[in-house]
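Okay, thanks for coming, everyone. I'd like to walk you through one model today, so let me put it on the screen.

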Amino acid sequence: MTTSASVPAGPEGAISSGTVTDRLIEANARYAAAFTDPGMDARPVLRVAVVACMDARLDLHDALGLDLGDCHTIRNAGGVVTDDVIRSLTISQRALGTRSVVLIHHTGCGLETLTEEFRHDLEMEVGQRPAWAVEAFRDVDQDVRQSMQRVRTSPFLLHTDDVRGFVFDVKTGRLREIDPA
C-alpha cells in the first residue's frame, strides 16, 4: 500500500522531482485522461452535508460508504461550526436541497493542543491579530455538542431536525455518536 507520505517513484523506480503541487498536477492529468462526465449536478444524491475536520487521516467517503455525488463535504480545522460553515450549510440547504447535517470531529485532534494564545502569537509574529477564533477545545465530545447547537439554532438553516454529531476514532476507524444533551 502506498501512502501520501511515500516518496513518489517515477518510471523504473526513479525518484520524481518537483514540488508536491507538481505531483498533484501530474496525478490530475492521469485522472483526467480516464475521466468521463458522471452526468450529475451539484445537488447531493443523499441530501446530506457532512462537516468534518480537515485532518488527513479522515477518508470520509470510505469511512461513510459514500460515492461521488452523495454529499456535500465541508472541512476545516476541528470540523468546528463557524460562520463560514453556516454559510456553506445555508447554501447547501437553500440552494442545493440538503436536509441532513452530519458533524464529525475525531480523536487526537490538533485543536486539542492549541489555545486562543495561538492568535496572540500570530499577532506578535506578523503584526496583525487574526479576525477569526482558533476554536480550540479540550473536550471533543463537548465541542461536537457545541457544533450541533450552533447548527440547530442558526436562523439561516431551514432543516435542523436531522443534525447528528460523531467522534471518529483515528485508531479504529469507528464513529461514536454524541448525545446532544
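I'll start with the whole chain and then go through the sheet strand by strand.

First, some housekeeping: this is a predicted model, where local features need pLDDT of at least 70, side-chain atom pairs count only at pLDDT 80 or more, and totals for chains, interfaces and linings use all residues. Residues are numbered from 1 along each chain as its sequence is written, and side-chain values use heavy atoms, with hydrogens and water left out.

So, the overall view. The chain has five helices and five strands; those are DSSP runs, H or I of at least four residues for helices and E of at least two for strands, numbered from the N terminus. Going along the sequence, you read α-β-α-β-α-β-α-α-β-β. The C-alpha trace spans about 55 × 50 × 35 Å along its principal axes. Of the 181 residues, 31% are buried, meaning under 20% relative accessible area with a 1.4 Å probe, counting protein chains only.

Now, in what order do the strands sit in the sheet? It's β2-β1-β3-β4-β5, an open sheet with mixed pairing. By pairing I mean that DSSP finds at least two bridges between two strands. At the edges you'll find β2 (71-76) and β5 (175-178), each with a single partner strand, so one side of each is left without a neighbour in the sheet. From one strand to the next, the twist averages 25°.

β1 (residues 48-53) and β3 (residues 100-106) run parallel, joined by five bridges, and Val48 stands opposite Ser100 in β3. Helix α3 (residues 83-94) packs on the sheet here, touching β1, β2 and β3, and its direction makes about 175° with that of β2. Touching means heavy atoms within 4.5 Å, and the angle, on a scale from 0 to 180 degrees, is between N-to-C directions of lines fitted to C-alpha atoms, for helices over the stretch in contact.

Is β4 enclosed or open? Five of the six residues of β4 (residues 163-168) are buried, so this strand is largely enclosed by the rest of the structure.

Last pair: β4 and β5 are antiparallel, with four bridges, and Phe168 stands opposite Leu175 in β5. Their hairpin has six residues between the strands, and Gly173 takes a positive phi near 80° in it.

Technical notes: Buried means under 20% relative accessible area, exposed over 50%, partly exposed in between (1.4 Å probe, protein chains only).
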